[in-house]
Amino acid sequence: MAVHTSRTDADVNAVVGGYLRDLAFAQSSPQKMFGYKRAAAAILSLDVPLTDLVGPDGALPRISGIGPGSARIIGEVLNTGESPTVERAIDASEQRSDIERRRQLRRRFLSRAEVIRILRDPSFASLSLEDYRGDLQMHSEWSDGYPTVQQIAEACLQRGYRYAAVTDHSHGLKIAGGMSRAEAADQRRAIDDVNAHFGARFQLLQGIEANIDAAGQLDLSDDEAAVFDVVLAAPHSRLRRNEDQTERMIAAVAHPAVRILAHPRGRITGSRAGVIANWDAVFAAAVQRGVAIEIDGDPARQDLDHTLAARALEAGCLFALDSDAHTTDQLSYAETAMAHARLAGIPVDRIVNCWPVDRLLAWLSNPTSERRA
Ligand SMILES: [Zn+2]
């Protein structure tokens, strides 16, 4: 099967990264599989397209993480748009049906180089980096992230943000070290200290990423939800089902505490499609409640992608563009979300992260205040 690409297609790094992932899954040795996965990750996170790295002699410079086997695949794709070597390896592996399934699950994922290109392309006039004032999904040492809340505030200030929300997992998600009620109270004191330190320069909000259960309910009582400045709801289970889950997602959006529907599908590149639902109905419910739909910028998630985001825009939704960072370096993932927002043509005014903090706080306390007549 031909992958839809040619040398002139924009995202050459995504095409090469895809072939290297295919090759990884065609290996029988775990060590080789790991090596090709690492090579794919190296290409997908490059800042420039491979076509820009080719020298006048047609040779590529050394790229960290890329061995001779991967370099050969890159050469083939740059010359022909395809990789016969990978196709032969897939045929020899007897893994073709699984690999074809994975290929379908890689659609509409942008490489880092493509994200940067889109952010610089003047034909997408809707949103620029300078419009973005604060990130509303990230994880700290209080659940499955690494940084302290102080480190998060410092890193956000360095990126020019005016505010951000730390959104650790709530207690229902044991696998992610969800916070108990007592831990949330301790975290609030730590956040108060950070805010006292930075004063008017920066405001850190205490958020929570609540888990949406099978019935669309949250792992958070109303009393618990009330202590947080912002409640995100996100699905972390039933992400590989073929049945429709519209009711579940509408129930989550209808919860009075929820302000952001985070990584709405729960898709992961090359692995799972996530929740299947009538998204237009979910978006209509979100508009009614003033709930923002997230574009999660984690490179493996990119959820929503720009095509579904364009439908949410048409429905009249608000948007949150977030990094879902678990380290301070990953705050740059917000740029992936911004690239999808530019592709979808979302105006700055519809993006809650671009609002001044007063407008953000007013919406958080009364979400339907932003509903359009
Ligand atoms: Zn999550």
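You are looking at a predicted model, where local features need pLDDT of at least 70 and side-chain atom pairs pLDDT 80 or more, while totals for chains, interfaces and linings use all residues. Residues are numbered from 1 along each chain as its sequence is written, and side-chain values use heavy atoms, without hydrogens or water.

**Stop 1: around Gln302**

Stay with glutamine 302 and look at the backbone. Its place is in the loop between E6 and H13 (helices, H or I, have at least four residues and strands, E, at least two; both are DSSP runs numbered from the N terminus). What is the phi of glutamine 302? The angle is near 45°, a positive value in a residue other than glycine.

The peptide bond that joins aspartate 303 to leucine 304 is cis, with omega at about 0°. Leucine 304 belongs to the loop that runs between strand E6 (292–296) and helix H13 (306–315). As background, most residues other than glycine have a negative phi, and most peptide bonds are trans.

**Stop 2: the zinc ion**

Which residues coordinate the zinc ion? They are Glu209 through OE, His236 through NE2 and His263 through NE2, at 1.9 to 2.3 Å. (Donors are N, O and S atoms within 2.8 Å of the metal, or 3.2 Å for Na, K and Ca; water is not among the atoms, so sites may look incomplete.) If you follow the donor residues along the sequence, their spacing reads E-x26-H-x26-H.

Histidine 236 is in the loop between strand E4 (230–235) and helix H11 (246–254), and histidine 263 is in the loop between strand E5 (258–261) and helix H12 (279–289), so the pair ties together parts that are 27 residues apart in sequence. Is histidine 236 partly exposed or buried? With 23% relative accessibility, histidine 236 counts as partly exposed. Histidine 263, at 1% relative accessibility, counts as buried.

**Stop 3: Arg238 and Pro235**

Move along to arginine 238, which lies in the loop between E4 and H11. Arginine 238 is not a glycine, yet its phi is positive, at about 55°. Its relative accessibility is 28%, and arginine 238 therefore counts as partly exposed.

Then select proline 235, found in strand E4. Proline 235 is buried, and its relative accessible area is 0%.

**Stop 4: aromatic rings**

Colour the aromatic side chains for this stop. How many aromatic pairs does a search of the whole structure find? There are four (rings of Phe, Tyr and Trp, the last by its six-membered ring, pair if their centres lie within 6.5 Å; planes under 30 degrees apart count as stacked, over 60 as edge-to-face and the rest as tilted).

One of them is made by phenylalanine 198 and phenylalanine 202, whose ring centres are 6.3 Å apart with the planes at 75°, so this pair is edge-to-face. Phenylalanine 198 and phenylalanine 202 are both buried.

Tryptophan 355 and tryptophan 363 are both buried.

**Stop 5: arginines over rings**

Finish with phenylalanine 25 and arginine 102. Look for the charged end of arginine 102, which sits over the ring of phenylalanine 25, 3.7 Å from the ring's centre (this needs NZ of Lys or CZ of Arg within 6 Å of the ring centre and within 35 degrees of the ring normal).

How values were computed: Buried < 20%, exposed > 50% of the residue type's maximum accessible area, 1.4 Å probe, protein only.
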